[in-house]
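Have a look at the picture before you read on.

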Amino acid sequence: MIKITRSWFELLKDEFEKDYFKSLQTFLNSEYSRYEIYPQEDKIFNAINHLALEDIKVVIIGQDPYHEPNQAQGLAFSVPSDVVIPPSLVNIMSEIESDLGITCLKDGNLARWVRQGVLLLNTVLTVRRGQANSHKDKGWEILTRKIIEMIGKREKPAVFMLWGSYAQGYADLIGKQHLVLKAPHPSPLSAYRGFFGCKHFSKCNEFLLSHNETPINWE
């Protein structure tokens with residue numbers, strides 16, 4: 001059963017009545033009944049369910065969930081504590097340590113960031129086991145674009161970390177009151193092209209402090 005908090009339901013209820021979302025629901029009902037789909041249905045909206053719109057300080061945009069067993073938990077780049085940390089997240093932690101001079105917890109569950117106001121939003125919220133991008137262009141992107149647009153229009157400033165050309169394609173939705181940080185994707189294929197050394201985490205915290213917000217503990 002798909003779960004969403006009342007505050008986000010109220011913000012998105014018009015979207016849920018549109019044809020694209022009804023088609024997406026039909027598609028998901030079929031997929032979940034026939035295949036192994038990640039994450040579990042009750043975790044699909046995990047990213048937004050733990051953060052009210054006004055409490056979001058940082059937005060990190062991913063593409064779609066991890067597609068191997070026991071990895072996806074509804075938070076971009078995050079995995080449960082007992083799962084081996086994926087390569088992209090290893091690189092993210094490496095950059096944090098280099099940038100801030102700290103030692104990250106060797107734990108891939110990033111709920112500790114979410115609790116501080118970090119939205120870890122994939123633009124596609126479900127995937128079929130072993131098939132990356134299998135739920136691409138089924139309607140999720142329309143809904144998540146709306147979510148990003150809502151935050152982008154919000155008066156209260158936030159930090160957007162856009163890693164890779166895909167995430168950077170959402171930059172046009174973000175108002176000038178926000179800080180937009182761009183870098184290559186942290187995957188092993190591209191991290192050495194400018195993600196390492198981008199210093200996004202110190203820049204983020206400097207921006208938050210300058211707007212009288214508590215900085216993020218990125219450990």
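This is a predicted model: local features need pLDDT of at least 70, side-chain atom pairs count only at pLDDT 80 or more; totals for chains, interfaces and linings use all residues.

Let's begin with strand S2, residues 58-62. Strands (E, at least two residues) and helices (H or I, at least four residues) are DSSP runs, numbered from the N terminus. Five of the five residues of S2 are buried, so the strand is largely enclosed by the rest of the structure. Buried means under 20% relative accessible area, exposed over 50%, and partly exposed in between, with a 1.4 Å probe and protein chains only. Val58, Ile60 and Gly62 point one way from S2, Val59 and Ile61 point the other way, and all are buried.

Now look at the neighbours of S2. Two strands pair if DSSP finds at least two bridges between them. S2 pairs in the parallel sense with strand S3 (residues 118-122) over five bridges. Within S3, Leu121 is the bridge partner of Ile61, and Leu119 stands opposite Val59. S2 also pairs with strand S5 (residues 159-163), again in the parallel sense, over three bridges.

Step back and you can find the whole sheet. Four strands form an open sheet in the order S3-S2-S5-S6, with parallel pairing. S3 and strand S6 (179-183) are the edge strands, each pairing on one side only. From one strand to the next, the twist averages 20°. Helix H6 (residues 140-153) packs on the sheet and touches S2, S3 and S5, where contact means heavy atoms within 4.5 Å. The direction of H6 makes about 150° with that of S3; axes are lines fitted to C-alpha atoms, for helices over the stretch in contact, and angles run from 0 to 180 degrees between N-to-C directions. Helix H8 (residues 200-210) packs on the sheet too, touching S2, S5 and S6, and its direction makes about 165° with that of S5.

Technical notes: Residues are numbered from 1 along each chain as its sequence is written. Side-chain values use heavy atoms; hydrogens and water are left out.
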